[in-house]
Structures are given as structure tokens and as C-alpha cells.
Amino acid sequence: MRYTSYFIPTHKEVPSDAEVVSHQLMVRAGMIRKLTSGTYTYLPAGLRAIRKVEAIIREEMNRAGAIEILMPAVQPAELWQESGRWEHYGRELLRFRDRHDREACFGPTHEEVITDLVRKEIHSYKQMPINLYQIQTKFRDEIRPRFGIMRAREFIMKDAYSFDVDEEGANRSYEVMYEAYSRIFRRCGLRFRAVEADTGTIGGRYSHEFMVLAETGEDQIVNCTACSYAANLERAEVRPNDAPPVPGSDPLGPLTAAATPGMRTVEEVAAFLSVSPNQIVKTLVLVADDHPVAVLIRGDHDLNEAKLRNLLGAQTVELASERVVEETTAAPMGFAGPVGLKAKIVADNAIKTMRNFVTGGNQKDLHHVNVNLERDFRVDQFGDLRVITPADRCPRCGRPIEFGRGIEVGHIFKLGTKYSQALNAVFLNREGKESPIIMGCYGIGVGRTVAAAIEQNHDADGIVFPIPIAPFEVTILPLQMHDLEVMEAADTIHEGLTGAGIDTLLDDRHERPGFKFNDADLLGIPIRVTVGAKGLKNGQVEIKLRSETETRFVPLDHAASFVKDKVETLYDSIE
């Protein structure tokens, strides 16, 4: 490919609206252009990288026995109403009406559509297991799209769905996809970790996120330093007996009301009453599926709303408004407490070990001191409800944990019968009885994978692409465009590499050498071949890997074969 016949509009300036490195570099390298908030045009270089990721995905999905299909992007409201998600998915679901006034949505995911297909076509255990997948454009109306194609409203996604007759088969399908995903991200040249995750709006009982490890990642990951346990911060479990000793383990003190004028926060109350934050229990009022619930959390801990939602089996959980707080507690915000509270109370496990603690008094400017469980109030339900901290231990082996950062690029779910029961996708088993199909679902953000690769692989000069997903594997830079010998040598190498099936970009622009070097580094092409008059006098060209500082001088006659060997070596180092 000749640069002058291609379209790579690079920029020196960092775009003002780009917050993260991948967004900045993809715009500067001429890979994407913004159309409007959260929607982007993929320019040729960006599309080449995306197509290479797609090719790896297809090869590994096909290898795993999955079958490619393509489903409609626009979906009728009736299917979502049938599953119950039309009301619960939220405003991210782009809803609209067609000319016949029929409600529809632009699909953010395809559980309903695939289940509808399968319930019409699969009726016997003999037709399963089966796994169907697609690579398609999705739309999620993010309230705050950001980070370029990392969190866009319109994006390319690979989604797959497995169908099995029993739990054993569903577990096998899940493991097959787990291994396929591991191969996909290894082949993309990425450092990643599979972590346990919350199932969110997709639902189901169990899931893993595949995280590309990067210091700039928006998600926190918890890893055990001794065993294989890993989870995202939302999912990470807390060992019930890991809470450090809490002051106040002496005999029960008398319940006392203490005036706390204007003291609303844990820090204010702790300082005013001369107690530690871990001697305070904060009472948070939330609304779970339109019903208020009081949640008790130790003062130095944070509530994990995903854990609360799962404990309650709720579709949605959100902090209550000031009006709902006052209606529930008869007090303004900041003074809620469990004593005398006429509402459902759930509590984090850490509350079980506390004695003589401080809570809100359900009255303005009042807190209770020496509050104790059972004597002064009862809890309807206990559970692991808090965010794990670095001071906690591994929930599996009890050893220390460490925190890191990652970017979610893939997510796999055990859905069970959530959608098959809702949409009546059933089959006749070996005994001739009707049973709901057991499902799994598996997604990969294709563009997000490219962006995550850039977040993980870049330097001060630009992108450092892993070779399997680089737009081009090799770039050739002739330095003196007016020199016939230089151009003939560059053309010869270009033809040799292209003939060997290597993606090669010949920079035949009449630009200064420094300009070409800067663009080559910015684009992150793994191998650079520099052809100059000075080197050719000695019968040599310069070859440099983007990931290294060393430059090699190679005889012109051996340049194409040397580069070909380097390409193979780079691939071998990844696979």
C-alpha cells in the first residue's frame, strides 16, 4: 500500500476533548473522527485494526464450534416487554416509534432476539448444544459518553449465545468460551486477566470479565497474591471474619441520645463524639424496585450497590431522594438510624461483630450512642454488602490481596433460564418432557479492544501496536524521494514484502524525513524500514522495531527476508 494512495490524516495537536491516551492517539493517528457525542467514523487505519481483531475473533469462535449469524439491529418493543427488560433496562435503551407507531429500540444487546429465534427453531434435546454468534453494531445511549471509542454510544460488538439441555452442558459451553476468549486476547498480543464480575442488567448467576491490564484502566481489579482469585471491585467478596477488632467489645452500655447539632457525616460525628469511624454505623436509605430499604454499613466502609441489588434480587437500586429519606426516617438526611425504624433493614456482615456503636437518631441534630444489635433493633437480612479494601484478605485462601487497574474488553455470563423462561424457549428432553433451555451469553467489544491495546501499548511518541492487530505490519520510509536509487530500493522491498503476504505501507510522500519518522511512530507500525542514500552507498538499509530503540543495518539484498523473519518472530512471541 502506498501512502499517497491511502487516507491517513494525522495530526500533531492533541484534541481538546480527548481525556485518555487511546482517544488522543486514535484521533492524531488518523484512525477515528467524531461525528457527534459518542459516535465515530472509523477511518481506514482504524478500520484495518478493527478488522484484524474481528478476524481473530471469528477464527477462535469457529474453532470453538460457534456458528456465525447476523441479527437485526432494530428490535420490536414486544420482545423486550416479554422479557421484562423494557421497563428495567433504563435510559441507555434507545427507544423510538416507526411510521406505524410501533415501539422499537436500537439493540444494545440481543438476548431477546436470539431467544425468540431459538424458541421457534429448536424444540428437541437432539438440536443442542449450539452456540450462535454475530459481530454487529450496537447502540447504548450513555448518559456521558467519553474516552473515544472506549465508552461510545455506538460501537461494534461480538455477541454469542449458547443453548444447552442441562447445567452440566451449560458449564461445558461456558468453559469452552472462557478458553476461546483467553486465546483471542492472547492472539491480540494483550496482557489480560479474567476476573469474576457482577452480571448487571444482562442478568444470570455467574460471569467473568476479561480485563486488559493498564494503569489508565477505569476499572479496579482485586487479585490474590497467592492463589488464582481475581475479581473486579464490584464483585470482589469480603471474608466475613476479616473485619479487624472493633473498639467497644465491653459489656453493653445504656442506649443514650446525644445532641449532634449540624453533624451529618461520619467524619463530623466521629470528631464531635470523640469516637472512631469504625465505631459508627451509617444508615443509608435506598430505593430497591420502588421500595425503600435501610442499609447498615460500618462508618469506615463503603456500600457496594451491586451486592445490595443481588442480595435483594432487585432489578434496580438507587439512593433515595431527600423526600423519601424523610418519609422513611422522619428525619432529614444525615440523621437516619435503625432504632425504631419502621422499614426493611439489611446490614453488612461486619455489623454482626459490633457492640456499643453510634447511629443516627431519626431526629434532626440527634444520634444514638451505645446502640446494640438485637437489644435495640433487628436486622431483616445480613450479607456481604461493602466494597473490599486493601486491608481485607483473599476470600478464597485468606492471603493478602492487591489492587490493579484494567479495561473490560470481554464479558461472559451464565444466564441460566432467565430469558428462556420469560420467552418460553423450551425443548423436549429425553423423557419427552418440556424443559426450559439453559443459556449462556458472551460479548467482546471489538473497537474497545483496539483502544485498550493502545492504552496498554504506547509511549511518548505514539502507539506501539502488537503486530497481530496493527493496521500495517511494516512501513517503508524512503528518505530522498528525488533519488531514483532510493525509490527503486524502496519499491523492491515493498514488492517483496507484499508478495510474501505482509501488510506493508510505503511512505512515498514528499515530506521531510523527520515528519515521516514521527508519523510512523504515531501509527505504531511494528517494523520500520528506512531507505536512504547514505545507507545504500554501503548496500544497506536500516531496520527498527517500534518497541525497541536499537537500529539494525541489513544488506539491501536480504532486507525483505530479514523483515519477513522479524514478522514471524513477533507473531511467535505472542502465540
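Me: What makes two strands a pair?
Reply: Two strands pair if DSSP finds at least two bridges between them. Strands are DSSP runs (E, at least two residues) and helices are too (H or I, at least four), numbered from the N terminus. This is a predicted model, in which local features need pLDDT of at least 70, side-chain atom pairs count only at pLDDT 80 or more, and totals for chains, interfaces and linings use all residues. Residues are numbered from 1 along each chain as its sequence is written, and side-chain values use heavy atoms, with hydrogens and water left out.

Me: How do you know that β9 and β10 pair?
Reply: Strand β9 (residues 192-196) is joined to β10 by 5 bridges, and the two run antiparallel. The cut-off is at least two bridges, so they count as a pair. Alanine 194 has phenylalanine 210 in β10 as its bridge partner.

Me: What joins β10 to β21?
Reply: 8 bridges, with β10 and strand β21 (residues 401-416) running antiparallel. Tyrosine 206 has lysine 414 in β21 as its bridge partner.

Me: Why is β10 called mostly covered?
Reply: In strand β10 (residues 206-213), 6 of the 8 residues are buried. Buried means under 20% relative accessible area, exposed over 50%, and partly exposed in between (1.4 Å probe, protein chains only).

Me: Why are β4 and β5 called edge strands?
Reply: β4 (74-76) and β5 (94-97) each pair on one side only. Their open sheet has 3 strands in the order β4-β6-β5, with antiparallel pairing. β4 and strand β6 (residues 103-106) share 3 bridges. Proline 76 stands opposite alanine 104 in β6.

Me: Why does glutamate 112 count as buried?
Reply: Its relative accessibility is 0%, so glutamate 112 counts as buried. Glutamate 112 is found in helix α5 (residues 111-121). Leaving aside neighbours within four places in sequence, glutamate 112 is in contact (heavy atoms within 4.5 Å) with Leu79, Trp80, Ser83, Arg85, Tyr419 and Leu423.

Me: Is asparagine 131 buried or exposed, and why?
Reply: Buried, because asparagine 131 has 10% relative accessibility. Asparagine 131 lies in strand β7 (residues 130-139). Not counting residues up to four places away in sequence, asparagine 131 touches residues including Met61, Ile67, Tyr161 and Tyr442.

Me: Why do the buried residues of α15 line one face?
Reply: Seen down the axis of α15, they fall within an arc of 100°, so they line one face of the helix. The arc is that of the directions from the helix axis to the C-beta atoms. The buried residues in α15 are Ala559, Val563, Lys566, Val567 and Leu570. They pack against elements including α12 (484-499), β29 (527-531) and β30 (540-545).

Me: What makes a nonpolar core?
Reply: A nonpolar core is a set of buried Ala, Val, Leu, Ile, Met, Phe, Trp, Tyr and Cys residues joined through side-chain atoms within 4.5 Å. The largest one has 58 residues, and Met31, Tyr181, Phe185, Val450 and Phe465 touch the most other members. Helix α2 (residues 44-63) gives the largest share of this core, 7 residues. Apart from it lies another core, of 25 residues, among them Cys105, Met128, Phe413 and Met439.
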